[in-house]
Amino acid sequence: MKFNLLGNTGLKVSELCLGTMTFGGRGFWTAIGTLPQAEVNVLMKQAVDAGINFIDTANVYSEGLSEEMTGQAIRDLGLNRDELVIATKVRGEMGGGPNESGLNRKHILQQIDESLSRLKMDYIDLYQIHGFDPAAPMEETLEALDSLVKNGKVRYIGCSNLAAWQIMKALGISERKNLSTFISLQAYYTIAGRDLERELIPMLTDQNMGLMVWSPLAGGLLSGKFSRNTKPAEGRRVNFDFPPVDLEKAYHIIEVMQHIADAKGATVAQIALAWLLYQPSVTSIIIGVKNPDQLSDDLNSVNIQLTAGELEKLDQASKLAPEYPGWMIERQTAGR
């Protein structure tokens, strides 16, 4: 397991991050996973034993149960909390009241205390806004987050599911008002969905921000269970058809990955994860699993070596179609 610096900080995180969206299972989240505490503990131990020090959760996952079970697993296993990097998120709806969602100061200050209570921790390493809130001024959100850093409840702040212009606006506000700044973006990225390469990755590179990848297997589509002629009767992608994917293109990519996987004695999922690990912008890949076999398969992706020729084949199968102004910028900057 390798460790990478998270953005423009000295914080080292494992290249694989254990996602906790399968922990618990309440309400809508039963479509993702319903793991009980005993099985959560097994997965947590397996991940930490393999070198993972990065764990990502959110207040909305299973309506708070995921945070509770994450904290309980750390205590049950006797893990040293200070050796772990714990990330959670705020924004989603946590009740029916008018201020029980969003990124206003009231909601943020309430939710940090509730997340800390569920996790039974004194601080969060990385506190992320879970998306954009058009109802809350960005200044209000950043000032609230900055106060959490100053009072010690949060070490770093990050964002998720934002557009490049929104992140740049936030960075500008933080610089102008001398507030804590976003160090990372958690975003959807997969060989079957490379959209963030148009604007977000150039922005992240320019601003030296970290990238945490969610749904690296496109909601299970790249797990090896799906192909042009094969579709399982059950599974996450069957129960919850998300994220949206161009299936025709994805099936072609899967065929290319299957050929490479067969030659290496690997799995399609391992090739998909390995491809992401070869992308220089990626800091850590969030892997969400339901059993030890899935976790073992994902963990072995760090050992997959892809040749230049294999990377070229994968790129040709999955690259984005040219889009303005990207193709014009590329043309005008050639040779500069």
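Predicted model: local features only at pLDDT ≥ 70, side-chain atom pairs only at ≥ 80, totals over all residues.
Biologist: What is the volume of the largest pocket?

Modeller: Start with the lining of the largest pocket, which counts 42 residues. Met21, Ile32, Ser215, Gly219 and Arg236 lie nearest the centre. The volume of this pocket is about 980 Å³.

Biologist: How many residues of the lining of the largest pocket are charged?

Modeller: Nonpolar residues number 19 in that lining. Polar residues number 14. The charged residues number 9.

Biologist: Which residues are the closest to the centre of the second largest pocket?

Modeller: The second largest pocket has a volume of about 480 Å³. Its lining holds 18 residues. The closest to the centre are Glu197, Arg198, Leu320, Glu323 and Gly326.

Biologist: Which helix gives the most to the lining of the second largest pocket?

Modeller: Two helices each supply at least two residues, namely H6 (200–207) and H12 (326–333). One of them gives 4 residues, the most to this lining. That is helix H12.

Biologist: How many polar residues does the lining of the second largest pocket have?

Modeller: By class, 9 residues of this lining are nonpolar. Another 8 are charged. The polar count is 1.

Biologist: Which residues touch the most other members of the largest nonpolar core?

Modeller: The largest nonpolar core has 103 residues.

Biologist: How many residues are in the second, separate core?

Modeller: Trp29, Ile32, Ala58 and Tyr61 are among its members. Ile32 also lies among the residues nearest the centre of the largest pocket. The size of the second core is 5 residues.

Biologist: Which residues line the largest cavity?

Modeller: The count comes to 1 cavity of 30 Å³ or more. The largest cavity has a volume of about 30 Å³. Its lining divides into 5 nonpolar, 1 polar and 1 charged. The residues are Leu103, Ile129, Phe132, Asp133, Ala136, Met138 and Thr141.

Biologist: Is aspartate 125 buried or exposed?

Modeller: Aspartate 125 sits in strand E6 (residues 124–129). Its relative accessible area is 8%. Buried means under 20%, so the class follows. Aspartate 125 is buried.

Biologist: Which residue has its backbone nitrogen 2.8 Å from a polar atom of the side chain of aspartate 125?

Modeller: Beyond its neighbours within four places in sequence, aspartate 125 is in contact with Arg81, Leu84, Val85, Ile86, Arg155 and Tyr156. One of these brings a backbone nitrogen to 2.8 Å from a polar side-chain atom of the aspartate. That residue is isoleucine 86.

Biologist: What distance separates the C-alpha atoms of arginine 237 and leucine 221?

Modeller: Arginine 237 is found in helix H7 and is buried, with a relative accessible area of 7%. Not counting residues up to four places away in sequence, arginine 237 touches Ala218, Gly219, Leu221, Phe226, Phe242, Pro243, Pro244 and Val245. Arginine 237 and leucine 221 are 16 residues apart along the chain. Their C-alpha atoms are separated by 6.4 Å.

Methods
Residues numbered from 1 in each chain as written. Heavy atoms only, no water. Buried < 20%, exposed > 50% of the residue type's maximum accessible area, 1.4 Å probe, protein only. Polar contact = N/O pair within 3.5 Å; in protein donor to acceptor, adjacent residues only side chain to side chain. Contact = heavy atoms within 4.5 Å. 1 Å grid on protein atoms, 1.4 Å probe; cavity = no way out; pocket = protein on both sides within 12 Å on 5 of 7 lines; lining within 4 Å. Points joined across faces, edges and corners; volume = space filled by probe spheres on them. Nonpolar A, V, L, I, M, F, W, Y, C, P; charged D, E, K, R; others polar. Core = buried A, V, L, I, M, F, W, Y, C linked by side-chain atoms within 4.5 Å.
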